[in-house]
Amino acid sequence: MSSGVGSSTGAGATPTFERADDKSPAIAAPPATTSNNPGSYEELHRKCRDVFPMCFEGAKVMVQKGLSSHFQVSHTLSISPANTGYRFGATFVGNKQIGPGEAFPVLLGDTDAAGNTSATFLHQFGDRWRLKLQSQVQGGKLTAAQGTLDYRGRLATLGLTLANTDIIGESGIVVTQLLRRITSRLDLGAELVYQYGKQIPGSQISVLSYAARYNGDNFTASGTIGSSGLHLCYYHKQVENLSFGVEFESNFRVQEALTTFAYQAGSLYD
């Protein structure tokens with residue numbers, strides 16, 4: 001008696017299956033897995049913002065050189081009314097590959113001739129936890145410090161940020177964020193910003209905002225609304241080498257609004 005499907009496995013061998021129709025071996029493919037995590041709250045408007053160039057007043061010359069596959073340095077010369085001078089930067093990227101173009105840990109920083117330095121450290125622990133630390137030193141003093149911890153679940157991302165926390169002076173900023181995937185196209189979230197300190201009227205203040213993002217086949221629309229203002233973004237990919245973005249920002253307190261449009265075009269031969 002013969003069976004229509006036979007299998008054979010061995011220690012350290014790849015399982016093979018023999019099909020009854022052609023008797024040729026076929027390698028069993030692993031089940032496809034897709035992540036439904038919506039990303040962090042900070043990445044809500046990322047697609048639209050990536051289209052916009054970094055604008056500045058003046059002139060800038062930057063030279064980057066890779067010393068190895070994990071380490072590179074940069075030299076930047078800026079000429080502008082606000083900031084003129086030379087800055088040296090360095091970036092280290094580890095060998096823990098998480099996804100395409102995404103590896104950890106990451107350590108980057110830059111400094112100028114006066115010793116003013118800024119540094120950022122990013123690392124992912126396991127498959128769920130991601131840590132980001134930032135600091136800035138001006139005039140020999142620590143002027144800014146911030147730490148963010150994200151938990152990335154299957155359908156949601158929770159974030160906690162502590163900024164400029166001063167235990168002795170009893171001041172600081174606490175930010176909590178949630179972004180949840182509702183359907184394959186719709187994400188909803190919320191952000192609570194709490195600031196406390198003696199310099200704050202009433203010693204404390206909090207701001208609650210809500211967020212939504214809809215992902216279409218070739219576009220992404222996102223927005224946040226809270227007591228301080230409304231922020232809307234629209235990203236559209238027209239063809240492979242042409243995309244554009246529209247951003248609308250309003251501030252309810254000062255009654256101002258700004259709309260910005262940008263496009264990104266690449267060569268047809270890229």
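**Salt bridges, core and surface of the predicted chain**

The side chains of R152 and E43 form a salt bridge, with an N to O distance of 3.8 Å. R152 lies in strand β10 (residues 141-152) and E43 in the loop between β3 (25-27) and α1 (46-49), so the contact ties together parts that are 109 residues apart in sequence. The model is predicted. R152 counts as buried because its relative accessibility is 14%, under the 20% cut-off. E43 is partly exposed, at 24%. Both residues belong to a network of salt bridges that also includes R46 and D50.

The structure holds 11 salt bridges. Another of them joins R49 and E247, at 3.7 Å from N to O. This pair also links distant parts of the chain: R49 sits in helix α1 and E247 in strand β17 (residues 242-251), 198 residues apart. R49 is partly exposed, with a relative accessibility of 41%. E247 is buried, with a value of 10%.

D112 and R87 make a further salt bridge, at 3.6 Å from N to O. D112 lies in strand β7 (residues 102-112) and R87 in strand β6, so the pair ties together parts 25 residues apart in sequence. D112 has a relative accessibility of 21% and counts as partly exposed. R87 falls in the partly exposed class too, at 23%.

The chain contains 1 helix and 18 strands. Of its 270 residues, 25% count as buried. Among contacts between residues at least 6 apart in sequence, 27% join residues at least 24 apart.

In soluble globular proteins, nonpolar side chains tend to be buried together. The largest nonpolar core here has 6 residues: C48, V51, F52, C233, Y235 and A262.

V61, V63, L77, I79, Y86 and F88 make a nonpolar patch of about 550 Å². Strands β4 (59-66), β5 (71-79) and β6 (85-99) each give two or more residues to this patch. V63 is placed in strand β4. V63 counts as partly exposed because its relative accessibility is 46%, between the cut-offs of 20% and 50%. The accessible surface of the whole chain comes to about 18,200 Å², and 58% of that area belongs to carbon and sulfur atoms.

Technical notes:
Residues numbered from 1 in each chain as written. Predicted model: local features only at pLDDT ≥ 70, side-chain atom pairs only at ≥ 80, totals over all residues. Heavy atoms only, no water. Helix = DSSP H or I, 4+ residues; strand = E, 2+ residues; numbered from the N terminus. Buried < 20%, exposed > 50% of the residue type's maximum accessible area, 1.4 Å probe, protein only. Contact = heavy atoms within 4.5 Å. Areas by Shrake-Rupley, 256 points an atom, 1.4 Å probe, with all protein chains shown as cover. Patch = residues over 30% accessible without salt bridge, like charges linked within 9 Å, V, L, I, M, F, W, Y side chains within 5 Å. Salt bridge = Lys/Arg side-chain N within 4 Å of Asp/Glu carboxyl O. Core = buried A, V, L, I, M, F, W, Y, C linked by side-chain atoms within 4.5 Å.
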